[in-house]
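I opened the notebook to look up a few things in one structure. The entries follow in the order I made them.

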Amino acid sequence: MRDAHFCPPRLAETLVEGEAGSYSLRSQTKMAQYFEINGGKKLKGTIEVRGSKNAATPILAATLLTDKKCTISNIPLIEDVFRMIEIIKGLGAEIKWLGKRKISIIAKNIDPKRMDYEAVKKMRSSILLLGSLSARFDNFKIPYPGGCVIGSRPVDTHLSALEKLGVKIKQLNGFFKVDSKNCKANEIVLKEFSVTATENAMMLAANLPGKTVIKIAATEPHVQDLAKFLSKMGAEIKGIGTNTLEIRGRKELKGATHEIIADANEAATFLILGVATKSPIRVKNVNIDHLDLVVEKLREFGANFKIGKDYIQIIPPKNIKAVTKIDARLYPGIPTDTQAPFGVLATQAKGETLIFDSLYEGRFNYLKELKKMGAKARILSKHQASVKGPAKLKGKIITSYDLRAGASLIIAALIAEGRTIIKDIYQVDRGYEQIEERLQKLGADIKRAESTKH
Ligand code: EPU
């Protein structure tokens, strides 16, 4: 396994407002940024959930399936999305910002030879280009994806799924060399429940005439959102939200207009934040159906909720009680992406909570940082940990090893007594849009700073 702490250097993008409501991306190399947080404050007010990261990246990749115009709104303004947009633009797509979170894409004159290999190598979700480019081009090459290492993250399921659809893939010097001349619809049994492998197979199948059946398909809300987008483009998809998808594709897909769903992982992060800090915050723009088990688990910790049409208001517990276990699973189970925030909550709960994460081998690094702050946690194996509480957390200098770990450490710092410095916050920027500004509105004492020191 590679160094679990490895992450690529950051070339940050920012969205810059121009004249007459136009927007553009501007690259900037940033100095090391960190969050400085003074914890212990109760929070109150409303926090809005942005569009789903894990729906936005595959949907952006899917716009390459057609040479017609696609319009996508509710785009979260985060690093992973900016990188995907830059890669698509680099291929030759015409991109216009129509508003702060809305873009149009015309991928008419794209050419895989123009691909920015360095950008592709820095991002895990660039693997999603494999499916859409296989649909558009007979031959191309693309580097292995990058991204943060949270365990061994193979791509064998992607490759075997595309191969079942007739794509020939050779691996040479860090590249996939793809020959997709003889693609055809087929039945696929995925080797593993994998979100992005399901998405890659769906994108190619959407473009193949005839019936493709994908078994062992992932059912996460973002997979469903991609399926809805592909349906708008003209594919007929049955079984959306189930483990068997039946796709009747079309050679010519249409342009489509789509609004990205709300990010369930972000919503869960904010709900856990509210419960852990015992703050009566309101989390707005949520799709409650995507959060069933998260909410149920939080009730088990002692929280209560007022649930409205598109919001969840937290009624904080007086005492937080440990739960028997947090078992991160495939949807509709507790998402692995919320395992770390739940781990922070467990530090505040009376008793022992066991945590299981069967998907990843490297998602417990945040516990090492929490222990520096005074948490009583033990990593029992690569997939299992135990947290005992309640623990009085104290502010420390800590590091954000991956995206969800970073968000979780923010929660810990907001609970802790004193000042916490969280380093490597580009990890958080990959998935949470200007999180410090949104938390400040709840009364949190958090600021972004940069220095050569931290
Ligand atoms: N796996 C394989 N073979 C494959 C692909 C995956 O064995 O070819 C296994 C992995 O070993 C792991 C599991 O399947 O046990 C998930 O693998 P992977 O990391 O490849 O999942 P993914 O589909 O690429 C998406 C999200 C992740 C999220 C997982 C689980 C995107 C872009 N990424 O990853 O999001 O944790 O599904 O829901 O959608 C995040 O947002 O922080 C994040 C990491």
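**Entry 1**

In which loop does P332 have its place? I found P332 in the loop between β19 (325–328) and α10 (339–347). I note here that the model is a predicted one. I looked at P332 for its peptide bond: the bond from Y331 to P332 is cis, with omega near 10°.

I then looked up P390. The bond that joins G389 and P390 is a cis peptide bond too, and its omega is about 0°. P390 sits in the loop between β22 (384–389) and β23 (397–399). I wrote these down because most peptide bonds are trans.

**Entry 2: a positive phi**

Next I checked the backbone at N173. Phi of N173 is near 45°, which is a positive value, and the residue is not glycine. I kept this entry because most residues other than glycine have a negative phi. N173 lies in the loop between β9 (168–172) and β10 (175–179).

**Entry 3: two domains**

How is the chain divided? I have domain 1 as 31–50 + 263–450, and domain 2 as 53–259. Taken over C-alpha atoms, the centres of the two domains are 30 Å apart. To the contact, domain 1 gives 20 residues and domain 2 gives 18 residues.

I looked up the buried area as well. Between domain 1 and domain 2 it is about 1,800 Å², and carbon and sulfur atoms give 53% of that. Which three residues supply more than any other three on the side of domain 1? They are Y331, R430 and E433, with 35% of the area that domain 1 buries against domain 2.

**Entry 4: charges and polar contacts between the domains**

I counted two salt bridges between domain 1 and domain 2. E433 forms a salt bridge with R101, and the closest N and O atoms of this pair are 2.7 Å apart. For polar contact between the domains, the count is seven residue pairs.

I also asked which elements give two or more residues to the side of domain 1 that touches domain 2. These are α12 (403–415) and α13 (426–429). By type, the residues of that side divide into ten charged, five polar and five nonpolar.

**Entry 5: the ligand**

Which residues come nearest to the ligand? There are 24 residues around the ligand, and R124, R153, T196, L359 and Y360 come nearest.

I then listed some distances to oxygen atoms of the ligand. For D337, an N or O atom in the side chain is 2.7 Å from a ligand oxygen. For N54, the distance from a side-chain N or O atom is 3.2 Å. V195 uses its backbone: one of its backbone N or O atoms lies 3.1 Å from an oxygen atom of the ligand.

Technical notes
Residues are numbered from 1 along each chain as its sequence is written. This is a predicted model: local features need pLDDT of at least 70, side-chain atom pairs count only at pLDDT 80 or more; totals for chains, interfaces and linings use all residues. Side-chain values use heavy atoms; hydrogens and water are left out. Domain bounds come from an automatic or database domain assignment. Contact means heavy atoms within 4.5 Å. Buried area is the accessible area (1.4 Å probe) that two parts lose on being put together, summed over both. A salt bridge is a side-chain nitrogen of Lys or Arg within 4 Å of a carboxyl oxygen of Asp or Glu. A polar contact is a pair of N or O atoms within 3.5 Å; within protein, one must be able to donate a hydrogen and the other to accept it, and residues adjacent in sequence count only if both atoms are side-chain atoms. Helices (H or I, at least four residues) and strands (E, at least two) are DSSP runs, numbered from the N terminus. Ala, Val, Leu, Ile, Met, Phe, Trp, Tyr, Cys and Pro count as nonpolar, Asp, Glu, Lys and Arg as charged, and the others, Gly among them, as polar. A residue is near a molecule or strand if one of its heavy atoms lies within 4 Å of it.
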